[in-house]
Amino acid sequence: MKVKLICNEKSRAVLTETLKQHQITIDEQANLILSERDMYHREYFSGKVHDSISVIKRSEIVFFEAIGNDVFCITREGRYKVEKKLYELESMLFQHSFIRVNKSYIINILKIEEIIPWIGSKYILKMINGDEIDVTRTYYRGFKAMLGL
């Protein structure tokens, strides 16, 4: 059996040896992914597009968007459905340059191309993928504080 191993370097040696004892080989092209479950320092997320599971690196994420009961991870390459709720992602990513800006979006502040001040204590954020997202009054102060504005 072959698996793709996603973990920190400290764990990699131990996990590789343990898997080898069970005749499991590490292969970057494997369809089965074994990932560390460190929810507050998670570097990778899994997402689905057309019933195919993809691994998304946290640094590639532009924003998360909730539409109805579904949550999507948006990158420059595409849109992936994730299994987490927006409030779960918010608590997981609060220390990794992600912030909630309205009831439907969590954005990666490192992926903001332009901040446009707007009427009524609001901002419009132009993201690097071209999408524009409103920072509503409810989240305005927290957003300003995070950016030091």
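Which side chain makes a polar contact with the side chain of Ser 97? The views below come from a predicted model.

**View 1. Ser 97 sits in the loop between α2 (86-93) and β9 (98-102).** The side chain of Asn 108 is the polar partner of the Ser 97 side chain, at 3.1 Å. Ser 97 counts as buried because its relative accessibility is 17%, under the 20% cut-off. Beyond its neighbours within four places in sequence, Ser 97 is in contact with Ile 107, Asn 108, Ile 109, Leu 110 and Met 146. Ile 107 is 10 residues away in sequence. The C-alpha atoms of Ser 97 and Ile 107 are 8.3 Å apart.

**View 2. Asn 102 belongs to strand β9.** Its relative accessibility is 9%, so Asn 102 counts as buried. The Asn 102 side chain reaches the backbone nitrogen of Tyr 105 at 3.1 Å. Setting aside neighbours within four places in sequence, Asn 102 is in contact with Ile 133, Asp 134, Thr 136 and Tyr 139.

**View 3. The largest nonpolar core has 17 residues.** Phe 63, Val 101, Ile 107, Leu 125, Met 127 and Phe 143 touch the most other members. Elements giving two or more residues to this core include β6 (61-67), β7 (70-75), β9 and α3 (137-147). Strand β12 gives the largest share, 3 residues.

**View 4. Phe 143 and its contacts.** Leaving out neighbours within four places in sequence, Phe 143 is in contact with Ile 99, Val 101, Ile 107, Ile 112, Ile 115, Tyr 123, Leu 125 and Val 135.

Notes:
Residues numbered from 1 in each chain as written. Predicted model: local features only at pLDDT ≥ 70, side-chain atom pairs only at ≥ 80, totals over all residues. Heavy atoms only, no water. Helix = DSSP H or I, 4+ residues; strand = E, 2+ residues; numbered from the N terminus. Buried < 20%, exposed > 50% of the residue type's maximum accessible area, 1.4 Å probe, protein only. Contact = heavy atoms within 4.5 Å. Polar contact = N/O pair within 3.5 Å; in protein donor to acceptor, adjacent residues only side chain to side chain. Core = buried A, V, L, I, M, F, W, Y, C linked by side-chain atoms within 4.5 Å.
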